[in-house]
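Here are my notes on this model, as numbered points. Please read them with the structure open.

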Amino acid sequence: MSKALVSTSLISLSMLSSQALAGQVYDTFPTEIKAEQKYVFYSHGFIVEGTNPRPENARWGVYEFPKIKSALADESYHLIAHHRPKGTDPFVYAKTLAKDVLTLIAHGVKAENITIMGFSRGAFITSLTSHHLAKTPVNTILLAGCGRIVSSKYADYTLNGPVLSVYEKSDGALSCEKLRARSPNIISYKEIALDTGEEHGAFYRPIKEWVTPVKEWIKRPQR
């Protein structure tokens, strides 16, 4: 075999190996970190805290946590989606999540290749985490995330880096404009208003109305 063919084969094997390592879904922080790859953290809503990955709300139906993870998974990034225990303190958990992000960065992962994302209580945690990462801002996605975080009680908490907000018009958690206005270190901001009529339940299932734009935003360079 010629040197050229050997070289080409090695390059192909290297690419295949790299691709094989991408696109994993983790329920705990990965033990092996690849500096050149992308990582996304998804934080679920309050109802999922505990041991049941598919709890049911009388108004909005079943929260399909496994299906959401499957829908958000992509070959271009790793998805980390912890199942939080019952009674999790969001403020303590946000600091832990921020430490996980900093661990990725310490291992060579670029901040622009890290996305933190959450729905409802998970979005509240994501907002707190973004605040803690002011010196190393990553990409932030809030799904129905601007309920109590926009109140004056939490006025000291701000977002950092590129931000995507997605909310449902029929829901109680609406625009994140107030949070945006008090966050001078936001690099870029985009907000999408859904009109499904499903209230908070719009994010209980991986419907294309929010999954598609979220994945497109994650995979598109934000800076």
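1. Start with strand 2. Y39, F41 and S43 point one way from the strand, V40 and Y42 point the other way, and all are buried. Buried means under 20% relative accessible area, with exposed over 50% and partly exposed in between (1.4 Å probe, protein chains only). In a regular strand, side chains alternate between the two sheet faces. Five of the five residues of strand 2 are buried, so the strand is largely enclosed by the rest of the structure.

2. A word on the source. This is a predicted model, where local features need pLDDT of at least 70, side-chain atom pairs count only at pLDDT 80 or more, and totals for chains, interfaces and linings use all residues. Residues are numbered from 1 along each chain as its sequence is written, and side-chain values use heavy atoms, leaving out hydrogens and water.

3. Which strands pair with strand 2? Strand 2 (residues 39-43) and strand 6 (residues 114-119) pair in the parallel sense over five bridges. Strand 5 also runs parallel to strand 2, joined by three bridges. Y39 has H78 as its bridge partner in strand 5 and stands opposite I114 in strand 6. F41 has I116 as its bridge partner in strand 6. Pairing needs at least two DSSP bridges between the strands. Helices (H or I, at least four residues) and strands (E, at least two) are DSSP runs, numbered from the N terminus.

4. Seven strands form an open, parallel sheet in the order 1-5-2-6-7-8-9. Strand 1 (25-26) and strand 9 (186-194) stand at the edges with a single partner strand each, so one side of each has no neighbour in the sheet.

5. Helix 2 (residues 65-72) packs on the sheet and touches strand 2, strand 5 (78-80) and strand 6; its direction makes about 160 degrees with that of strand 2. Helix 3 (residues 90-106) lies across strand 2 and strand 6, at about 170 degrees to strand 2. Angles run from 0 to 180 degrees between N-to-C directions, with axes fitted to C-alpha atoms, for helices over the stretch in contact. Contact means heavy atoms within 4.5 Å.

6. Check K215, which lies in helix 6 (residues 208-219). Is this lysine buried or exposed? K215 counts as buried, at 15% relative accessibility. Leaving aside neighbours within four places in sequence, K215 is in contact with A71, L72, A73, D74 and Y77.
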